[in-house]
Amino acid sequence: MYHYGIRGTVYKWFSSYLYKRIQYTSIGSHCSDLATVTCGVPQESVLGPLLFLIYINEILKAVPDAKVKLCADDTSLFLFDTDANNLNTKANTSLKEFNTWFEINKLSLNIEKTCYMVFSSSPKKLYEVSA
């Protein structure tokens, strides 16, 4: 947050809000032990969405050769090339870079929700890109 210009009292307030948070799980009358939260933002809080957006803001730079678009917690990666093989290589390289960024930031890429589409200006070309 300091990187984005949040300083002084507001920085101290956010630090206090996020510092030494604890959590537990309860099922019926059973509760787990308390555990310290080491990363992430408080779920279902008013500030949660804002803090999440600040947290993932750098994702736009995760894949330098692609355009990254965000909508809430969904991310789209746009790649362009006139050659299907080059596009395939770019897509696989970009997904690896993306996944590395996710791992470094303690997030995960949901493979079940990951998909791709190929658009062509030529109706005669059919691209087969392996993900």
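Buried means under 20% relative accessible area, exposed means over 50%, and partly exposed is in between, with a 1.4 Å probe and protein chains only. By that rule Cys-115 is exposed, at a relative accessible area of 69%.

The model is predicted: local features need pLDDT of at least 70, side-chain atom pairs count only at pLDDT 80 or more, and totals for chains, interfaces and linings use all residues. Residues are numbered from 1 along each chain as its sequence is written, and side-chain values use heavy atoms, with hydrogens and water left out.

**Stop 1: the cysteines**

A disulfide is a covalent bond between the sulfur atoms of two cysteines. Here it is counted when a pair of cysteine sulfur atoms lies within 2.5 Å. How many disulfides does the structure hold? It holds zero. Cys-71 is in no disulfide, and its nearest cysteine sulfur is that of Cys-115. The sulfur of Cys-115 is 14 Å from the one in Cys-71, which is too far for a bond.

**Stop 2: Tyr-2 and Tyr-11**

Next, select the aromatic rings. Rings of Phe, Tyr and Trp (its six-membered ring) pair if their centres lie within 6.5 Å; planes under 30 degrees apart count as stacked, over 60 as edge-to-face and the rest as tilted. Across the whole structure there are five aromatic pairs. In one of them, Tyr-2 and Tyr-11 have ring centres 5.5 Å apart and planes at 75°, so they are edge-to-face. Tyr-2 is partly exposed at 45% relative accessible area, and Tyr-11 is partly exposed at 31%.

**Stop 3: Ile-6**

Select Ile-6, in the segment before helix 1 (8-18). Helices (H or I, at least four residues) and strands (E, at least two) are DSSP runs, numbered from the N terminus. Is Ile-6 buried or exposed? Ile-6 is buried, with a relative accessible area of 18%. Leaving aside neighbours within four places in sequence, Ile-6 is in contact (heavy atoms within 4.5 Å) with Met-1, Tyr-11, Phe-14 and Ile-54.

**Stop 4**

Arg-21 lies over the face of Tyr-17, at 4.9 Å from the ring centre.

Conventions:
Lys NZ or Arg CZ within 6 Å of the ring centre and 35° of its normal.
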